[in-house]
Amino acid sequence: MRISPILTWYFGRHVLFSILAILVLLVGLIFIGDTIELLRRASSRPDATMSIVLQMATARIPFMTEKVLPFGVLFGAMYSFWKLTGNQELVVTRAAGVSAWQFLLPPLLCAFLLGTIQITALNPLSSILLQKYEKLDARYLKGVSSVMNLSSSGLWLRQGTQNGQAVIFARTVQSQEEERIDLRDVTVFRFENLDDFTSRIDSARAVLEPGLWHFYDAWSFVPGQKSTFAKNLELPTNLTARKIQDSFASPDTMSFWDLKPFINLLERAGFNAKRHRIHFHSLLSRPLLLCAMVLIAAAFCLKFSRRRRVALVIGGGVTTGFLLYFFTDVASALGVSGGLPPALSAWAPAGISTLLGISTLLHLEDG
């Protein structure tokens, strides 16, 4: 027997509303916790007013929604299946000849739709607001002075100096090691009081060493004076190779639509793009992961009866969800370290979870 369109709509709507309700609850709790933590950090910063704190906490809402969406789908689907089973609605439906796979199709479609919406709409919004959050955090709570920007024309760095700022531009990154970065075709603009230009340095090569930039074959230009040449020139710095690598745009602050071009840009510049590639594939796998959450919820709750211990059912589903979250972090860490290919480390949690959910349901339904 085929499931009717009315029944399909009813099951899909029931599961979707449950997921959205649980998701709102989780995000609300996280928002309260974030606000309290930001207030604690801002207590010693007179410039960080309550308005700034609320802006920062609000800007993180889409990002945290992305993070807890799998749990929202898991808990929402568990609650929905539990309620439908407890009210005997699924029992009657199955008695009418509708298999579990048929009435699971609407919830799976809802989960796939939520995953698609996350990739195409929620993630771009999250990236924009998270950039705003990080700027506010750097300005009001951290006081960060070094900012780096990688463009198609080359590498841009900015660092603070004793008298002002130094802006460094390099057309290519020759090599990068743990404590050393080698730049070619380098230009340095030095400023006092942020915007008063004082000098310029043109160098064929610049090497970042601990505590200083080492320029080779450098020309120095000072307004109103004759230019000078030096085989070796040094400029003190508080930058390190680790700071420069970490100051690249975080994968979370980049829209799904911008990730692929930025990965190509990073790799052309000679930098490691594994984190961004893993994040890109993890976003692509998100619809499959959400479908796996529905299958896991069904495996725990479809056979629920009032004689079974409620705590066992809920505890089993929650434990499975957190084990999946832990496994996802481990796979991501292996991908970043090179232990697994980036695509495999991103797709493995979703794929394994889906297979486990399907196999469990096959065992429960078909013996």
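**Exercise 1. Salt bridges in the strands**

The side chains of Arg200 and Asp202 meet in a salt bridge, 3.1 Å from N to O. Check that pair against the cut-off, then find the partner of Arg205.

*Solution.* Before we start: this is a predicted model, where local features need pLDDT of at least 70 and side-chain atom pairs count only at pLDDT 80 or more, while totals for chains, interfaces and linings use all residues. Residues are numbered from 1 along each chain as its sequence is written, and side-chain values use heavy atoms, with hydrogens and water left out.

Step 1: the rule. A salt bridge needs a side-chain nitrogen of Lys or Arg within 4 Å of a carboxyl oxygen of Asp or Glu.

Step 2: the partner. Arg205 pairs with Asp182, again with 3.1 Å between the closest N and O atoms. Arg205 sits in strand 5 (residues 196–209) and Asp182 in strand 4 (residues 181–192), so this bridge links distant parts of the chain, 23 residues apart. (Helices, H or I with at least four residues, and strands, E with at least two, are DSSP runs numbered from the N terminus.)

Step 3: the surroundings. Asp182 is buried at 5% relative accessible area, whereas Arg205 is partly exposed at 25%. Arg200 also counts as partly exposed, at 33%. (Buried means under 20% relative accessible area, exposed over 50%, partly exposed in between, using a 1.4 Å probe and protein chains only.)

Step 4: zoom out. Asp182, Arg184 and Arg205 form a network of salt bridges, and the whole structure has 7 salt bridges.

**Exercise 2. A bridge among the helices**

Which parts of the chain does the Arg60–Asp34 pair tie together?

*Solution.* Start with the contact: the side chains of Arg60 and Asp34 form a salt bridge of 2.9 Å, N to O. Arg60 is in the loop between helix 2 (50–59) and helix 3 (61–86) and Asp34 is in helix 1 (residues 5–42), so the bridge ties together parts 26 residues apart in sequence. Finally, accessibility: Arg60 is buried at 16%, and Asp34 is buried at 17%.

**Exercise 3. Annotated segments against the model**

Check the secondary structure of residues 15–36 and 104–125.

*Solution.* First, the record. The unreviewed UniProt entry lists "transmembrane region" for residues 15–36, 104–125, 283–305, 311–334 and 346–364; such annotations may be inferred rather than shown by experiment, and positions follow the numbering used here, with feature names shortened. Then the model: residues 15–36 are 100% helix and 0% strand, with the end C-alpha atoms 32 Å apart. Residues 104–125 are also 100% helix and 0% strand, with the end C-alpha atoms 30 Å apart.

**Exercise 4. Packing**

*Solution.* A nonpolar core is a set of buried Ala, Val, Leu, Ile, Met, Phe, Trp, Tyr and Cys residues joined through side-chain atoms within 4.5 Å. The largest has 40 residues, and Val73, Phe81, Phe103, Leu104 and Leu302 have the most contacts inside it. Helix 1, helix 3, helix 5 (100–142), helix 9 (286–301), helix 10 (310–337) and helix 11 (342–366) each supply at least two of its residues. A second, separate core has 20 residues, including Ala170, Val173, Ile201 and Ala206.
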